[in-house]
Amino acid sequence: MSLDLKQIKAIAAIKEHGSFRVAAGALGLSPSALTKMIQAVEAELGASLIDRSRRPISLTTYGEVVYEQGNAALEEIAKGLKKIEVLRGLEQAEVTIATSALLSGSIAGAALEKLIPDYPNVHFLVNSVKPRDAAQQFKNGEADFFIGDAEDLEASDDFESALIPWPEIAYLYRAGHPLADLPQISVVDCLVYPMIGPRPPRWWEHYFRDWALGIGVPLPTGYEATSPEHRLQSSDWAIILHLCKTINALTGGIKSQMEEFVPYGFALFSPINAPPIPSASIRIAWRHETPLISLLRAQIFTLFGKGS
């Protein structure tokens, strides 16, 4: 036999309240109507679901099995109804995300790859720009959602936000790079080659500067003195990877994104004696709590094992 929703809810109410009278009141039924419903189910199953020998009443072993299966079905139905509600709110919806090239693939892209197949009517626009430009776009109302370094966008009453930890950093060169022949790779070895990539957050600029200066490596003067990408900066990963292959340039970024480049002729490397990466946070921010924003935020939290 198969139970209908009323019967499943009736068994769940009896388990919760331990009383036919209280359970019936919670369901909007009379105690006699609830009793007849349960008796009909028991007759069809040929098993007693309720232990009526004690107070409060409880489910028998058979009743517990029916409850567990029925409760699982109710949860699935609730998820389905929630998805319908979300889908209705996502009809022809769109959202603009302001972020940096350093985070566009590893966070924005990783979240969107879960959403796009399920919500084909939604239009996403990802503005991959310099970190502080992304923050300014969000402040100006040109973007609905922000993903960037916490230093670039401070918390404000004008929007909601949350902090997540910076992911692990990794460095990349082309497969067969001359550095691969060295038993160990130092930062001095790296500086022989062009170092390129997206504009990093300020803490990473200072980290690399202090690392290099701490071992007596002179860096160029001016703006480049604070940036590890002192030969070329670009928000276009196609250009970055092209130069890594053609002129032996080096780059770096979020490890999960760097790993995705490995099958295309690249390899990860780790310089020796690298100082510990300083503690830093990524801020995600949004102005309006829409179904789409909730889904996007939940996906990002899932990536970082953080509850929504």
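**Reading the features**

Modeller: Let us begin with helix packing. Helix H2 (residues 20-27) packs against helix H3 (residues 31-45) at an angle of about 100°, and their axes are 8 Å apart. Please note that this is a predicted model.

Biologist: How is H2 oriented relative to H3, roughly parallel or roughly perpendicular?

Modeller: Angles from 65 to 115 degrees count as roughly perpendicular, so H2 is roughly perpendicular to H3. On the H2 side the contact is made by Phe20, Arg21, Ala23, Ala24 and Leu27, and on the H3 side by Pro31, Leu34, Thr35 and Ile38. Sorted by class, the contact of H2 with H3 comprises seven nonpolar residues, one polar and one charged.

Biologist: How many helices and strands does the protein have?

Modeller: There are eleven helices and twelve strands. Of the 308 residues in the protein, 44% are buried. Among contacts between residues at least 6 apart in sequence, 72% join residues at least 24 apart.

Biologist: How does one read a pocket? Which residues line the second largest pocket?

Modeller: The general idea is that rolling a probe the size of a water molecule over the atoms shows where empty space is left. Here, the second largest pocket has a volume of about 190 Å³. Its lining consists of Glu168, Ile169, Ala170, Tyr171, Tyr207, Lys255, Leu268, Phe269, Ser270, Pro271, Ala274 and Ile277. Strand S7 (169-174) and strand S11 (266-269) are the elements that give two or more residues to this lining. The largest share, three residues, comes from S7. By class, the lining of the second largest pocket divides into nine nonpolar, one polar and two charged residues.

Biologist: Where does Asn248 lie, and is Asn248 buried or exposed?

Modeller: Asn248 belongs to the loop between helix H9 (237-246) and strand S10 (251-254). Buried means under 20% relative accessible area; Asn248, at 17% relative accessibility, therefore counts as buried.

Biologist: What is the accessibility of Glu151, and which residues is Glu151 in contact with, leaving aside its neighbours within four places in sequence?

Modeller: Glu151 has a relative accessible area of 44%. Exposed means over 50% and buried under 20%, with partly exposed in between, so Glu151 is partly exposed. The residue sits in the loop between strand S5 (145-149) and strand S6 (160-165). Beyond neighbours within four places in sequence, Glu151 is in contact with Arg202 and Trp203. From Glu151 to Arg132 the separation is 19 residues in sequence and 9.2 Å in space, C-alpha to C-alpha.

Definitions and conventions:
Residues numbered from 1 in each chain as written. Predicted model: local features only at pLDDT ≥ 70, side-chain atom pairs only at ≥ 80, totals over all residues. Heavy atoms only, no water. Axes fitted to C-alpha atoms, helices over the stretch in contact; angles between N-to-C directions. Helix = DSSP H or I, 4+ residues; strand = E, 2+ residues; numbered from the N terminus. Parallel < 35°, antiparallel > 145°, perpendicular 65-115°, else oblique. Contact = heavy atoms within 4.5 Å. Nonpolar A, V, L, I, M, F, W, Y, C, P; charged D, E, K, R; others polar. 1 Å grid on protein atoms, 1.4 Å probe; cavity = no way out; pocket = protein on both sides within 12 Å on 5 of 7 lines; lining within 4 Å. Points joined across faces, edges and corners; volume = space filled by probe spheres on them. Buried < 20%, exposed > 50% of the residue type's maximum accessible area, 1.4 Å probe, protein only.
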